Amino acid sequence: MSKRDDRARCPRSGLIGCALPGGGGEGVVLGLILDRNAWIWEGSNTILRAEHDAHNAGGIGVPDLETWSENPQKCAYTCAYLRLLATIGGPCKPCDHNGTTLPEGSPPPPPDYPQSDNFTPYNNRAEFELADLLYRRTQMPATQINELLQIWAATLPANGDPPLADKQELYDTIDSTVLGDVPWQSFGVSYNLNGETEDGLGEPAPWKRAEYDVWFRDPRLVLQEQLKNPDFAQEMDYSPKQVFDHNGKRCYTDLMSGNWAWRQADIIAENPDNHGAVFCPIILGSDKTTVSVATGQNEYYPLYMSNGLVHNNVRCAHRNAVSLIGFLAIPKTDREHCHSTEFRDFRQRLFHGSIQRILKSLWPGMETPEIVHFGDGHYHHVIYGIGPYIADYPEQVLLACIVQGWCPRCTARWDNLDGGGGRRSHEHTLALSEVFSHKALWEEYGIVDDIMPFTYGFPHADIHEVIAPDLLHQIIKGTFKDHLVSWVEAYIKQIHRFKQWTGDDSKALMKVYLAAISGHVPRQMVRALSSFMEFCYLVRRLVINEDVLEQIDQAVADFHCERSIFQHVGVRLNGFSLPRQHSLPHYRYLIQEFGAPNGLCSSITESKHIKAVKEPWRRSSRFQALGQMLITNQRLDKLSAARVDFRTRGMLSEPPHDLSDDNNNDNEDDDDDNNDDDDDDDGDMISDHEQVPKIPHNVPGLAQHLNIPQLPDLIRSFLFAQYNPNRADLDQPPPDDFPFFDGSIHSFPSAIATFFAPSDCSGVAGMYRERIRATPTWRKGPGRYDCIFVKQDTEAPGFRGLHAACVLLFFSFRYETILYPCALVTWFSAIGQEPCPDTGMWTVEPDLNVDGERIMEVIHIDCILRAAHLIGMAGEEHIPHYIGHTDSLDAFRAFM
C-alpha cells in the first residue's frame, strides 16, 4: 500500500484521515480529519516535515495508527484538513544556534540541563515549593513570613534549620534565579518648552514642566522567553494556516488561521532573504486600571504583549502567554488645562512615542530574521511583525489618532456610522493632511492632525488594520449593558441599581434577561435583544466557519431591523450612530482577518490586571508603589519560569511526600473551576470523591431518607436498561422480572462535567469544566438541585438532541462487579416543536404522571452533557418578592 493510501483511523471516532492535493508550491495540505471526540496528532515540526516530504514525493501522507496513538493532542474543534503556508517562502527548516540550516528530520539539540536533582538557586525541591507557596500562591506579608519561619525553627532540633531562614533569604533566592530574568528599564519624557511661557503667568503650566517616567522591559527578550517556553511547544503554529471543515468550508480559529497572517507572510516573503523564517506576530494590549478609588492617585497604565503563534485557548488560560512589558506614564493637570488642545496633543504624543521607544528593540527583527530558541528544542529564523492590538473603544480612539465618536477602522461619519465608509490607513491620513485644514480633518474626517500612530514607520504595520475586535467592552459591557439594558429600563421605568458593573455581571444578566423582560415589553423589543444575543454567542465561539459567518451577518441585520422599536417608543430619538454598535458589522471581516475574537478580547488584559497590577499594588507599602510592583512582577516571572523548567526536566512530576495531602478532597463549597487543566474528554462526568455524610448506604434506607419509595424500582429499571440497551419500552417485562439489587449504595453531593462549549472562553484544550450539585443543604441554607442537559440524539442539532432534567441525587453502586455512577432525575419536556419565535429559546415544562407528580428516572452520569439553566416564565405577571431563587423550579409551570 502506498503512503498516500495508508490512512489512519482515529481510535475514538473511527474517522479516517483524508489525503487531499496541495495547493501549488506555497502550501501543504495535512491529511487529518479532526473531530470533537477525536484524538489528533498535529502542530509539531515533525509532522510538518513528514507531510512536506510526502508532498514532494507526489502524495500527501498521514501518520500511521501507532504514531497517531502515541502522540495524542486534544482538539476542541471540527476540522477536515489544514492548508499551511510552510513558513515564509518555503518549508519550515530548523537551524542550529549559529543559523545553519539542519538536515531534514534532524532532532533538536540536546538540552543543556543541569543534573536532574539540581534545583539551583534552591537547595532542594522543598525549598522551591516553600518559596513558591509563600510568595506566589499565598502572597504572605514579609512580617508573617518571618514569624512562620521562626515558629518552624523553634520546632526543630538545635542543629536543624527550616528551608529558608527569613524573608530576606526568600527574596534573595528568588532574585538570584536566572530563568525568566528580564530586567526593568526606564526613560524620561518631558514637554519641549523651547522658551515657551504661559501667558500672564511668566512660567509654563505645571504639566509642561514635569518629567514623566516610563518603565519597561525589553520586549525582544520577553518575546524570546515566551517562544522558548516548553509549555507552549505543542500549542503553537509555526506558520499561517487555513483550516477547512468536512464540507470544504473555511474555519477561523487562532490568529494564524486568519487572512491577515497569511497576507503578512506573503509580503515578507517578497524579500528572498526572509525565506524559511517563521513569522511571529506581536499582540499588544493596553488599558488604564484603578487599584483604589478611595486613596489618591492610584491609576496605572500597563502595556502587555503576547506572541501570535500560541493558540487562543493558551492566551485565555492564564498560562504566561501574556506578559507585562511596561507601565506608560499618565500625565495629570488641573481642570483649567485638561481639555486644552495642547494637553490633549501632548498626552497622545507621549502615548505613541513611549510605545515606539519600548518596541525599538524589535525593529531590527522586523526586517532581518533573528535566530530564536523555541520550546520544542529547535532553533528557527524568526521575523517579527506588529499584530493585533487589544483595546477598548476609548483606547482605540487614542491609538488611531481620531476624534471621539468616529470609527477607528473606517471613514463613516460620526453622525451616520451605519452609512458606510472606506477603510482608514496611514496613507489615507497623510493624503488628507496634505489637502485639508486642521479643522476640516477634525470635523469632516474625524482625524487628529499632526499626530501619527506609533505603528507609522514600523515595517508592514498600520494601526487601523490591526485594531482587534473587543467582545468585552464593545459587545457585553457596551452594546448590551450600556445601551440595550438602559433602553429597556427607560421603557419600563424600572432602574436596577448595581454598585459596579463588571463583565461577569453583564454576562450573568444576559443569561436571564430575555426571560425576565418577555411579556413586559413589546415583542419587537424582545426580538431585538434576542438577535443581539444570538450574535454574541456566535462570535464567542472558539471556531467559526463560513456558515457561522452567514449567521452572524443575519443576526446583525435582524438586530438593526428590530432595534428601531427603541426609536419608535421614544427611548432613542437620536438614532443609533454609536461606535460600539457600529462595530458589529465589522466582525465578519475581523474574524476572517484574525480568527475567533475570544483570543483577542480585552477580558484577557483585564484579567491580567489582577496579577500584574492590582495584587502587586496590594502587596506594596502603597508609598511609591510602582517600584515595588516592578520587583513583584519580576519575582513572579522567575518563579513561573523556574517551575516550567523543573517540570520539563521531570523534577516536579509527582508531589513531594512532605508536602502532599493524600486525603485532600474537593470541598463542597469550592467555587467552580472553569479553566480546568485536566485531560478529561469531551462530555466527561466525574462524581465527587466526598460522600454525603449521614445518609443511609442501603437502598431501602436511602429511599426512606429521601421520601422516594419508588427508588428501589427505579434502580432495578435502570439495571434492566443497562443489560438490554436496544429493547423498546413496550417490550419490557413486568417490574418483578427486573434485576434485583440490595447491595451498598454511596451518595455524592456533586459531579464534575468537562465538555466543549463553543461560546465559552475555555481553558486548556478548549475544554470547560463545571460542577453540578445535588445536595440537601447548600452553604448552610436550603438545598441546591441543579438542572442538566442529557444527551438523547447526537446527530440532532442543539436542543433537539437533548433532554432537560433536574438532578435529585448523585450516587453509585456495584452490580455484578460493575460500578455504576448514576443520577436520580426528574424530566422536563419541550413545549411545541420549535423555539419561541421572539426569544429564540426553547420552552419546557415538568413531566408529570397521572397523579400530577414529577416523573423520576435513574440515568447513568455518562448521559449528562453539562449543567442547564432553566429560567421561570412569568408571562405578564410580576414575580412575588417572597419567591427566592431556591423556589424557582417549584414556583413556575414553564421554563425557558
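**Note on the predicted model**

1. A391 is found in the loop between strand 15 (379-390) and helix 11; helices (H or I, at least four residues) and strands (E, at least two) are DSSP runs, numbered from the N terminus. A391 is buried at a relative accessible area of 3%, where buried means under 20%, exposed over 50% and partly exposed in between (1.4 Å probe, protein chains only). The C-alpha atoms of A391 and D287 are 6.7 Å apart, although 104 residues separate the two along the chain.

2. On the basis of the values: this is a predicted model, in which local features need pLDDT of at least 70 and side-chain atom pairs count only at pLDDT 80 or more, while totals for chains, interfaces and linings use all residues. Residues are numbered from 1 along each chain as its sequence is written, and side-chain values use heavy atoms, with hydrogens and water left out.

3. Seven cavities of 30 Å³ or more are counted. A cavity here is a set of points, on a 1 Å grid over the protein atoms alone, where a 1.4 Å probe fits but cannot get out; lining residues have an atom within 4 Å of a point. The largest cavity has a volume of about 120 Å³, a volume being the space filled by probe spheres set on the points, with grid points joined across faces, edges and corners. Its lining has 15 residues, of which Q396, P408, R409, Q474 and S583 are the closest to the centre.

4. Which helices each supply at least two residues of the lining of the largest cavity? They are helix 11 (393-400), helix 20 (579-582) and helix 21 (587-594). By class, the lining has nine nonpolar, five polar and one charged residues. Ala, Val, Leu, Ile, Met, Phe, Trp, Tyr, Cys and Pro count as nonpolar, Asp, Glu, Lys and Arg as charged, and the others, Gly among them, as polar.

5. The model has 36 aromatic pairs. Rings of Phe, Tyr and Trp (its six-membered ring) pair if their centres lie within 6.5 Å; planes under 30 degrees apart count as stacked, over 60 as edge-to-face and the rest as tilted. F187 and F216 make a tilted pair, with 5.6 Å from centre to centre and 55° between the planes. F187 is in strand 5 (residues 184-190) and F216 in strand 6 (residues 211-217), 29 residues apart, and the pair links these distant parts of the chain. F187 is buried at 15% relative accessibility, and F216 is buried at 3%.

6. Why is the pair of Y191 and W207 edge-to-face? The ring centres are 5.2 Å apart and the planes stand at 75°, so the pair falls in that class. Y191 lies in the loop between strand 5 and helix 6 (206-209) and W207 in helix 6, so the pair ties together parts 16 residues apart in sequence. W207 is buried, at 2% relative accessibility.

7. R622 is in the loop between helix 22 (602-619) and helix 23 (625-648). The charged end of R622 sits over the ring of W617, 4.3 Å from the ring centre; this requires NZ of Lys or CZ of Arg within 6 Å of the ring centre and within 35 degrees of the ring normal. R622 is not a glycine, yet its phi is positive, near 75°. R622 is partly exposed, with a relative accessible area of 46%.

Definitions and conventions:
On a 1 Å grid over the protein atoms alone, a cavity is a set of points where a 1.4 Å probe fits but cannot get out, and a pocket is an open set with protein on both sides within 12 Å along at least five of seven lines; lining residues have an atom within 4 Å of a point.
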